Amino acid sequence: MSKTKLLFLTLVLTFLGQNLLAQVTFQRNGVYDEREGFYAFTNATIFKSYNEKVENATMIIKDGRVQTIGQKIPIPAGAVVVDLKGKFIYPSFIDLYSSYGLPEAKRAERSFRRTQQFNSKKEGAYGWNQALKPEFRAHENFTTDEKAAKGYRGAGFGTVMTHQADGISRGTATLVVLGEDREHQMILKEKTAHMLSFKKGTSPQSYPGSLMGGIALLRQTYMDANWYKNGGKNEELNLSLEAWNEINSLPAVFDIRGKLEGLRAAKLGKEFGKTYILKGNGDEYQRLNELKATGCSMILPVKFPDAFDVEDPYDAMLVSLAQMKHWELAPTNLSRIANAGIEFTLTTDGLDKKSEFLKSVKKAIKHGLSEEAALKALTHTPAKMMGMSNQIGSLKSGNLANFIITSENVFGEKAKIHHNWVKGKPFVLKKLDEADLEGNYSLKVGNQTFKLMVDDNNKMKVEENDSTKIDVKSSISNGLITLTFSPTKKETNLFRLSGTIGKKEWSGNGTLIDGTWTSWSAKYEGAPEKKDGDKKADKKKGKGKGKGKKDKVASDDKLGDVIYPFMAHGYKERPTENNYLIKNATVWTNEKSGILENTDVLVRNGKVVEIGKNINKDVGTRIDGTGMHLTCGVIDEHSHIAISRGVNECTEVSTAEVSIADVVDSEDIDIYRQLAGGVTTSQLLHGSCNPIGGQSAIIKLRWGFSPEEMKFEGAPGFIKFALGENVKKSRSSTNNRFPDTRMGVEQVYRDYFTRAKEYKIASQRKEAGFRRDLDLETVVQILDGERHISCHSYVQSEINMLMHVADEMDFKVNTFTHILEGYKVADKMAKHGAGGSTFSDWWAYKYEVVDAIPYNAALMHEQGVTTAINSDDAEMARRLNQEAAKAVMYGGVSEEDAWKFVTLNPAKLLHIDHKVGSIKEGKDADLVLWNDNPLSVYARAEMTFVDGLKLFDRKLDVEIRKEIAAERNRLIQKMLADKKGGGKTRPARGKKSRHYHCDDSEDEMID
Amino acid sequence: MKFLNIILFMCLAWSLTAQAAPAPPQKGKIAILGATAHVGNGKVIANSLITFENGKLLAVEDATGIRLDRNSFTKVIDANGKHIYPGFIAPNTSLGLVEVEAVRATRDDREIGNMNPHIRAIIAYNTDSKVTPTIRSNGMLMAQIIPSGGRIDGQSSVVQLDAWNWEDAAYKMDEGIYVSYPSMVSWSWRTRTISKNKNYGKQLQEVEDYFTEAHAYSKNKKLSSKNLKFEAMRGLFDGSKNLYVKTNAAKSIMEAVLLFKKFNITPVIVGGGESWMIADFLKSNNVPVMLSKVHDLPDHEDSDIDQPFKTPRMLQEAGVLWCFQMNEVAQSRNLPFQAGHAVGFGLDKEDAVSGLTLNTAKILGIDKTAGSLEVGKDATLFISSGDALDMRTNHVETAFIQGREVSLKTKQKDLYEKFKSKYENQK
């Protein structure tokens, strides 16, 4: 449609609309009393839109819509004229993330503790998972809530998008205005967005019990919905999938709990051609570039954390540097997002009180957000996001008369909202003509005189003496004023005064504490004394004077840097140098050349390019390795660090569809700590809760990088299998999940591999109505040799069993991990071609390890099994070199071979030995420089390189400690000053992440 | 039923494995010649002569220039190039009380109840545990066994690790009482937050009240009836028993020291993760520390990454009496390597040995007879062909407990030999 046509249509609609009779379906008890709401607001400063300001303007509204705005517009006859000299009009604000007017989801009864609920208990033809409720319709459940609406209006809002914040798919949100009429009038658009999250909410169902499970569930659901559309409906009626398809084209809002979840949601969405609107958490500035790259727009909170109470130095230790820095930098989130060019809108979500909203926005403005960007985010952007710009978000002709009238610039220090008009109906917050009473008064009651102080919110106090001030209760309306207070702090009886407000003088009658009547008066004496903070601000504004002081203010406000990852030991800037020449070290090559004394290693562009004596090339930085040992980086075949919210999807016997790769956590201090132990590559494995567990992620310990950047390029896929006590749930006395014995475990495998074979055949037929099943698809990858197994295992019977199943079903077990009885079947393992990745000396912690021996690695190795030693533990991984040395002690393995147990052999098991696992020309420069023989308990990793980047340096670490201490001190002092200045504080409270082990299986999806 | 079966099966399976008999008392005189002796008090004798009779050390001296009359000894061990150490002591362990951690029926370390000073670890101590020989074969020849689980956990005892029954094993019976000091903070894994323990004040008051009453009880000459719990605590007030207080936070430690001072008790701090922050306070109050694991993660993400590695050195430099412990059962065999790791982070090697021997003995109150290679003390010692603190070289060849040469066989070595020979026979 051309622009002129559109304009014409708009005009016609506008005028037609005015002449139409307002008709409703409801019965009327009385005579017709619909009003036109015909108003003319004059002499105002009007923001027609966020970037179009008209001074001294008039706005005409009628029938709930804006007619015109402009200067010198003739006032039509019949309009109520409201003079707004000195006042401002803005389109009212829009909050897209609200639960306004919707009932809270009721928590369904959970099944008996620790027994699992496998399927949905929702009655009717709905989907299998109770956490998915695409069929929920907010508009069908919406009721006007006058109290809540009032709160929103007080903060300047006229419209909210509301939904029931419960579950992973929460169904649709609806856009409503914040008036108090019938729902029929308040709902602007029934279905505006599909609401999603990674929170299970009230669903009592076991699956998903982890974040990666939640991601997999959404992935499968997108596919199921597609299947349903393309023939699946012939198989079954599924109201949930039907609803999903119905709302799939709506904008989708994803509620994230932090910056990394934002990246995860965005990545998931991309797989299905979706660009979500992310409802953020306030920490987005900590991974700004990555979030920007997603192309997602955002709904952002303005809840900024309070300072911590850090007066006690020991208590303060609970609070991490990251928490302190976030306290300081959170108010800069919005300006950084705006400067990055990310489209965003604001929400009141997270605020304790709606009345804090504008204060918080002003705080963000003080921290660099432009007023225009703020107004855009509150009006234009949300309207645009929901495709409602022709109704709300600006005051162009024909739009709803949804606006606020303010005393000054809405972001000004003392701005007050006078009116909030919703669909042409006024809600008065502060009368336009209400006197501004701020100031000091001399209050005479009978023969007593008090100093009465009134602040800009009309809060009043009388001064008993310099240090004692007494609160005065007051009420002001329509020119009348009532004051009650006790004349002294000790007195319990009150003065009760009532009177009228005149210009700079109030007077009337009242009673004293003994009840006798007297007259009283209050005379204006002057403006209130300013607080320190205000004075500074004034001076800053003042032109010319106090230049020096201005600079001082600026330096007081100096903010710390954003560091990556956002925690102690994070980088301001990542190292980029990847050219080094390491001179004269003892080099453990792990190759045929063995251990070379007095040898140089040249690293160029992150790769080892030359190994030899007396290399003299001018490239990169020289490092003297005299007296030191240089090895390749340690590789941990079995690790559970750097994983967000759940290492196990414990809820089904096979969860092959879930993947640790979806939940890699780049912000885990263990990454740095393990670099300090010489680790450079880790396989992050799913736990051992089920016979067929989830897919793993192989990462390099690229500290400071994003989750995606940490992944080992080109590494093949792996999956965790598990046998024995954990999958049998032997420690649970209420297990109701098959299998409960090792006998059952075998049948799980036979069943899954049988079905996977059938699935593969069916998938190749490409018949209509074929449903992709991510669980089976992953098992097919194993059959096709595209995905390798790392199987948690202990006793010989089960190890034997799995190899038999594998032989019969025609797949390979790549690695048996833990494998503490591997020594009993090492010959069989070697024959099958399975490797063993074991603990050095763990035993006796559970029944299936009573026959574990520390000679296991030696015996497997002697039988030709590719043998590795792993950690399965965030602490032990810091000293895997020592664990390898135990193979020297127990079983007399040669030092060279023992060293391979934690380097080359795990590289082979992970099929990445062409890139890592030895020092060889062409391989990645993942190197560790030790101060001693790396197998010695006395050895320390002095420097650790990943891809030639020096990501750990013990000498530098000493400097980093000093920086951490200094930065902590700066922030503590700042928090103390904030508290002294009257800022809110909260008790010192620390954050501590979990260290996962194989058998951690608590539900991580409950809010 | 199923559970019972598991237990029965387990007992059966384990009884099949041979367990070496405890060694008989020392007969005759034994000499060890030429080894590097790590005395335990910080001294090293490069070429040592060590002799013992009736389980007691006769001589510990420099062998240089001494011509040994070999005939006057029943046995002379030539240990040139080898190392000799006092038997290492593993304090704060449930060894012998817990066989398999995850199998409840094999656990005897946690009694029901909050205030359990009357509970005695020693009577549940299983001398036939399959774990003990694996500990012994890495050089730990004595241990302090402890109950756990309450506010007052119960009484600990020191045992030697080669015995027929707990009476034989007991070296110092019921020598102390363990208290789990209330924690000032609590951690919620669900929200990942550490916050102040809301019940802290109440929990602390309970401890103080309990000690106040027990103290008053101990002074009461006219008791109408006996209270077993308070009877058990008498030793704390007359100085015959140690008080072991498990706590880590600096503030808690100081508070605990001040609290127990009211009862004239100087506690032993067990754990003391943050003890390095208040080392001067500990020193000036003569408070010893049984230090938490060296192989541990730092408390906070802001902490120095090597904090637990360097804490022993920091305490040593500050002059605090401290020793190593792990509070583990099967993993206790790695205690010497924890000491070695601390050496890697600056602790003197011989100070590390003291942290496994004499310091421990001093803290446990057994240093008159144990803990170092000094004349008159027990001949509880072992020979390693290499450095016993380094897994790269450690190999314990011979061990004596009170002069008795003890077996170094373990169930694990048996299994190793069994399967090694299986594979050898296949060739």
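## Basis of the description

The expected span of a helix is 1.5 Å times one less than its number of residues. Helices (H or I, at least four residues) and strands (E, at least two) are DSSP runs, numbered from the N terminus. The model is predicted: local features need pLDDT of at least 70 and side-chain atom pairs count only at pLDDT 80 or more, while totals for chains, interfaces and linings use all residues. Residues are numbered from 1 along each chain as its sequence is written, and chains are lettered from A and ligands numbered from 1 in the order in which they are written.

## Helix α7 of chain A

Helix α7(A) covers residues 259-271; its 13 residues should span 18 Å, which agrees with the 19 Å between its end C-alpha atoms. Ten of these 13 residues are buried, so α7(A) is largely enclosed by the rest of the structure. A residue counts as buried if 20 or more other C-beta atoms lie within 10 Å of its own, as exposed if 12 or fewer do, and as partly exposed in between, with C-beta atoms placed from the backbone.

Among the buried residues of α7(A) are A:Leu260, A:Leu263, A:Arg264 and A:Leu268. The buried residues pack against α5 (211-229), β10 (252-255), β11 (277-279), α8 (288-294) and α18 (707-710) of chain A. After α7(A) comes A:Gly273, with a positive phi near 70°.

## Chain A as a whole

Chain A contains 28 helices and 44 strands. Its C-alpha trace spans about 105 × 70 × 65 Å along its principal axes. Of its 1007 residues, 52% count as buried. Two residues are in contact if their C-beta atoms, placed from the backbone, lie within 7 Å. Of the contacts in chain A with a separation of 6 or more, 67% come from residues 24 or more positions apart.

## An open sheet

Eight strands of chain A form an open sheet with mixed pairing, in the order β6-β7-β8-β9-β10-β11-β12-β14. Two strands pair if DSSP finds at least two bridges between them. At the edges are β6 (93-98) and β14 of chain A, each of which pairs on one side only. β6(A) pairs with β7(A) (residues 157-162) in the parallel sense over four bridges, and A:Asp95 stands opposite A:Val160 in β7(A).

## Two further helices

Helix α20(A) (residues 742-765) packs on helix α21(A) (residues 774-783) at an angle of about 90°, with the axes 9 Å apart. Axes are lines fitted to C-alpha atoms, for helices over the stretch in contact, and angles run from 0 to 180 degrees between N-to-C directions. α20(A) and α21(A) are therefore roughly perpendicular to each other, a term for angles of 65 to 115 degrees. The residues that meet include A:Tyr752 and A:Phe753 in α20(A) and A:Leu776 and A:Val779 in α21(A).

## The contact between chains A and B

In chain A, 53 residues are in contact with 46 residues of chain B. On the side of chain A that touches chain B, α17 (669-675), α25 (880-889), α28 (954-980) and β44 (990-991) each supply at least two residues. α25(A) gives the most, with five residues. By class, this side has 29 nonpolar, seven polar and 17 charged residues. Ala, Val, Leu, Ile, Met, Phe, Trp, Tyr, Cys and Pro count as nonpolar, Asp, Glu, Lys and Arg as charged, and the others, Gly among them, as polar.

Two bridges join β44(A) to strand β11 of chain B (residues 193-196), and these strands run antiparallel. Here A:Lys991 stands opposite B:Thr193 in β11(B).

Methods:
Angles under 35 degrees count as roughly parallel, over 145 as roughly antiparallel, 65 to 115 as roughly perpendicular and the rest as oblique.
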